[in-house]
Structures are given as C-alpha cells and as structure tokens.
Amino acid sequence: MNINTTLIASMDISFPSELGYEIIVRDAVESFAHRHGFAPERLEDLRTSLCEACINAIEHGNQCVAHMRVDVRCQYDRKQFQIEIQDQGIRPFSPPERPYSIAEKLAGVGTLRGMGLQIIAHLTDESGFLENDERGNCFRMVFYCDLDRTSRY
Amino acid sequence: MSNDTSQNGPLEKVIELRLPSKLGYERVAMDTASSLAKRMGFQDDRIDSLKTAVSEAVTNAIEHGNQHDSAMKVVVLLTARDDELIVSVADQGRKPLSQNCTTKIPHLEEIMEQPDKGGWGIWLIRELMDEVEFTTAPSGGNQVRMVIHLER
C-alpha cells in the first residue's frame with residue numbers, strides 16, 4: 001500500500017499552566033481531529049489521553065505556575081495524528097523506580113495517583129517523552145489512522 | 001480557572017491558537033472560543049453570537065488577509081477576564097483591509113447583485129460583539145479585536 005506521509009495539516013495551541021484549560025485544549029484538538037476524519041470510536045481515547053498529558057504538564061512539568069506555558073502541537077499526515085505536549089520543565093520527568101500497574105494500584109498497592117501515563121499508553125498507539133528536549137518536557141502521543149477513511153480536506 | 005494575581009497585577013489568561021489558512025479551520029476556532037466561553041459562564045445565545053463572529057473573523061483572515069495561502073497562519077488569541085472575553089484574530093496581511101471595508105454598512109440591494117452575496121462579515125461582527133476594533137497586527141497583518149462582556 002502506498003501511504004502518503006506528507007504533512008497535511010498542523011495546528012498549535014499555547015495555554016497557561018492552570019487546571020481547567022486542558023478542557024479547552026481538548027475541545028480544540030477534538031475539533032481539529034474531527035475535521036480530518038478521526039475515527040469517532042477513538043475520540044474518547046484522544047480526549048482522555050490529551051487531558052491526562054496536559055494535566056501532567058501543568059501539575060508536574062510547570063508545577064502549576066500559571067504564567068508558564070504549555071504548548072500543544074497537532075499534526076496530521078493521513079497515516080497518523082501526532083500530538084506533542086511541551087511544558088517548560090521546572091520539574092523534569094523522571095520515571096518511578098518501581099512503577100505499579102493500574103491493577104496493583106486499584107488493589108491498594110501504592111498510591112492511586114500516577115496512573116496517567118499508563119492510561120495514556122493504553123489509549124494511544126505510541127506515547128512517551130522525547131529525550132533531550134532543552135525546552136522542558138515534551139510528551140508525544142500518536143494515533144494511527146484508519147486508512148480506509150478519507151480526510152475531509 | 002482562578003483569578004491569580006502577580007506582582008504586576010492580574011495575570012492575563014491567554015490561549016493562543018495558530019491555524020493554517022484553509023477554509024474549515026474557522027470551525028476549530030469557533031469550537032475553542034465556545035468551550036472557553038461556556039466555562040466562563042456565558043449564556044447560550046451569547047456563545048452563538050461569539051461563534052458567528054469568530055467564524056466570520058477567521059474566514060476573513062483566511063480568504064482575504066492570507067489569500068487562501070495555507071502556509072500562512074491565522075493567529076487567534078483568547079483572553080479570559082473576570083467580566084469579558086477578548087478575541088483577537090490576526091492574519092499575515094498579504095492583502096491589507098481598507099478602512100472603507102471595516103466601516104461600510106452593507107446594502108441588501110448591492111449585495112444581492114454580487115455573485116457571491118458576500119460582504120456581511122464585518123457588519124455582522126460589529127452587530128454581535130460589544131466592542132470591535134480593526135488594527136494592524138504586530139506581524140504587520142490585519143487584526144480584529146473583539147470583546148464580549150459577561151453579564152452575570
């Protein structure tokens with residue numbers, strides 16, 4: 001199959017590090033994804049994982065310092081939707097030494113906090129922090145497209 | 001969304017949206033503005049007015065200011081304040097807006113004679129928003145600043 005991976009569209013959103021703004025960003029990105037034929041059955045996955053990633057950026061990366069910005073870049077190239085969430089990295093991401101699974105956490109082992117990245121991993125096709133980003137933490141998540149669908153553009 | 005203050009006064013809560021100049025993206029701006037306005041407590045009819053005004057402003061920026069060049073960006077700034085929402089829409093100014101364009105009141109007979117029946121956008125924006133101002137953007141393009149007041 002010949003897949004055209006040329007970038008079709010991109011959109012950038014920047015917002016203050018304050019809880020609540022992730023909802024507005026979620027609605028903006030959902031609108032962008034919807035316009036490009038994002039599979040409706042996966043929209044909830046997109047909404048949930050984007051909110052989790054933005055909350056992480058606000059709470060952890062930028063430590064809820066309102067004047068620090070979170071930048072979100074959405075890119076669509078027929079093959080996939082890619083979303084990058086960039087914070088200013090007051091607190092660089094460091095993975096826990098002993099990450100408990102969601103099942104373990106629900107069973108009472110460890111705190112109930114800290115499930116965001118695992119939830120995102122379940123809901124996306126690819127996810128993770130980009131390495132060596134000097135601007136702060138940059139979290140990338142990807143949703144593969146259903147190639148039978150055609151974009152509205 | 002609290003009302004934090006810094007040493008220099010209240011912090012401006014600004015969302016910046018950068019969109020390609022392609023028709024259809026005005027919808028993304030509408031949905032984003034609508035989401036923010038809803039959370040600020042605007043009534044549904046005011047949100048409808050806001051959406052129409054944002055749509056017209058972004059469509060103008062895409063069609064006229066940026067002449068449908070999809071490589072050019074339309075920048076939408078949404079500033080939430082306690083009692084108002086400020087929306088600024090800027091293009092890259094391939095085609096500057098004439099003063100006449102921003103003040104002219106459309107006449108139905110004249111518009112009906114035009115093939116596209118267009119020309120209502122700026123008039124609509126002025127009718128729907130509480131404050132409207134046309135200026136030049138820092139980038140040199142056209143900029144429209146629209147304010148809608150929050151009545152509680």
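A salt bridge is taken here as a side-chain nitrogen of Lys or Arg within 4 Å of a carboxyl oxygen of Asp or Glu. By this rule, one salt bridge is found across the interface of chain B and chain A. It joins the side chains of Glu18(A) and Lys13(B), with an N to O distance of 2.8 Å. The model is a predicted one, in which local features need pLDDT of at least 70 and side-chain atom pairs count only at pLDDT 80 or more, while totals for chains, interfaces and linings use all residues; side-chain values use heavy atoms, with hydrogens and water left out. Residues are numbered from 1 along each chain as its sequence is written, and chains are lettered from A and ligands numbered from 1 in the order in which they are written.

Polar contacts between chain B and chain A come to seven residue pairs, both residues being at pLDDT 80 or more. Such a contact is a pair of N or O atoms within 3.5 Å; within protein, one must be able to donate a hydrogen and the other to accept it, and residues adjacent in sequence count only if both atoms are side-chain atoms. On the side of chain B that touches chain A, strand 3 (13-20), helix 1 (26-40) and strand 4 (73-80) of chain B each supply at least two residues. Strand 3 of chain B provides the largest share of this side, eight residues. Helices (H or I, at least four residues) and strands (E, at least two) are DSSP runs, numbered from the N terminus. By residue class, this side of chain B holds 12 nonpolar, four polar and nine charged residues. Here Ala, Val, Leu, Ile, Met, Phe, Trp, Tyr, Cys and Pro count as nonpolar, Asp, Glu, Lys and Arg as charged, and the others, Gly among them, as polar.

What area is buried between chain B and chain A? The value is about 2,000 Å², of which carbon and sulfur atoms give 58%; buried area is the accessible area (1.4 Å probe) that two parts lose on being put together, summed over both. The contact (heavy atoms within 4.5 Å) takes 25 residues from chain B and 25 residues from chain A.

Attention now turns to the spaces in the model. On a 1 Å grid over the protein atoms alone, a cavity is a set of points where a 1.4 Å probe fits but cannot get out, and a pocket is an open set with protein on both sides within 12 Å along at least five of seven lines; lining residues have an atom within 4 Å of a point. The largest pocket holds about 840 Å³ of space, a volume being the space filled by probe spheres set on the points, which are joined across faces, edges and corners. Its lining has 32 residues, with Asn56(A), His60(A), Phe93(A), Gly114(A) and Leu117(A) nearest the centre. Helix 2 of chain A gives the most to this lining, with eight residues.

Two cavities of 30 Å³ or more are present. The largest cavity contains about 140 Å³ of space, and among its 15 lining residues Ala57(B), Asn60(B), Asp91(B), Leu97(B) and Val144(B) lie nearest its centre. Helix 2 of chain B contributes the most to the lining of the largest cavity, five residues. The second largest cavity, of about 30 Å³, has a lining of eight nonpolar, no polar and no charged residues.
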